[in-house]
Amino acid sequence: MGETNQSTVREYILLGLSEHHDLEMVLFVLCLGVYSVNVLGNSLLIALNMLDPRLHNPMYFFLSNLSVMDILGTSSFVPFMLVNFLGVQRTISFPGCALQMYLTLALGATECLLLAVMAYDRYVAICQPLRYPELMNGSTCMQLAVVSWGIGFTNSLLQSILAWRLPFCGHNVINHFFCEILAVVKLACGDISLISLSIMVTATFMTLVPLLLILLSYIFILAAILRVPSAAGRRKAFSTCSAHLTVVVIFYGTISFMYFKPKAKNPDVDKIITLFYGVVTPSLNPIIYSLRNAEVRAAAMALLRGDLLARKMSHLYCCAPTQQSH
């Protein structure tokens, strides 16, 4: 059946908000601006992590992973969506649609897992500071990151295989801005009970299990902070995890609003809310970490002054092997 699907449907039409072209022009400007902030802000965080030795620790290693994830996640659909807003092209090829669906699903699941890993990192740093270098060494951090990416992408592969094995009977009009898995599954003309159950179970597992681990970590963190005798010590301990906690609240708050709100009478409203989750939320992460983290602010100021690049070039020059003349 999968072969029949591919032979009969070569491309898909993405409706978006085709009946409201003026609104699409407004969304084009807004999404272009937010996407630019997302790419520039997250790229800056990655660059700071590479250039500043003060940021060479597990927390910023995981933050760099999160930044890469946010750039890839939005880049998998936003540029093509912006072209659609201009009305230049509203079709996407079957391989392009399959790749778009796979990446958005994979990166969304991976972000949930990575946020849980970052919460565990903060738990170890605050609750077991003496064992922190041992428990969160380079090898362990790399393994945690690889497992997060691996589970997210494997889950997406399985869901994508189940989705594309459905019979579509030539239906190719997707009522969305991009190839989101639920919008694609709605095109099927056969029994979708298996894929619907699979999506519900895995989505619950991928969101609720990391959320429970995050909540458990912060219960222990809060208990440890309350035991600190001085107010200054409590503020310093809390400041190390406040940015991550803010990101978690926004991420899961948006997901909760999307899935637990009453279903809108106008499907275009649901599409715009999904757009907010997919485009706006990732762009907030670098802003949050810049505003709430003194080390990131200090590194950014050093980069603006040219100190970081000067130190990096000096280090490279000093450490370069000297050629002996013969």
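**Ground rules.** I number residues from 1 along each chain as its sequence is written, and for side-chain values I use heavy atoms, leaving out hydrogens and water. Because the model is predicted, local features need pLDDT of at least 70 and side-chain atom pairs count only at pLDDT 80 or more, while totals for chains, interfaces and linings use all residues.

**Confidence.** I began with pLDDT, the predictor's confidence in each residue, from 0 to 100. The protein averages 83, and 87% of the residues score at least 70. Over residues 1–7 the pLDDT is below 50, and this stretch has ten contacts beyond near neighbours in sequence (contact: heavy atoms within 4.5 Å). Residues 322–326 also stay under 50, with zero contacts beyond four places in sequence. A note to myself: where pLDDT is low, the predicted coordinates should not be read in detail.

**Aromatic pairs.** I looked up ring pairs next (Phe, Tyr and the six-membered ring of Trp, centres within 6.5 Å; planes under 30 degrees apart are stacked, over 60 edge-to-face, the rest tilted). The count comes to 13. In one of them, Trp 164 and Phe 168 are tilted, at 5.9 Å centre to centre and 50° between the planes.

**Buried or exposed?** I checked relative accessible area (1.4 Å probe, protein chains only; buried is under 20%, exposed over 50%, partly exposed in between). Trp 164 is buried at 11%, and Phe 168 is buried at 1%. Leu 30, by contrast, is exposed at 52%.
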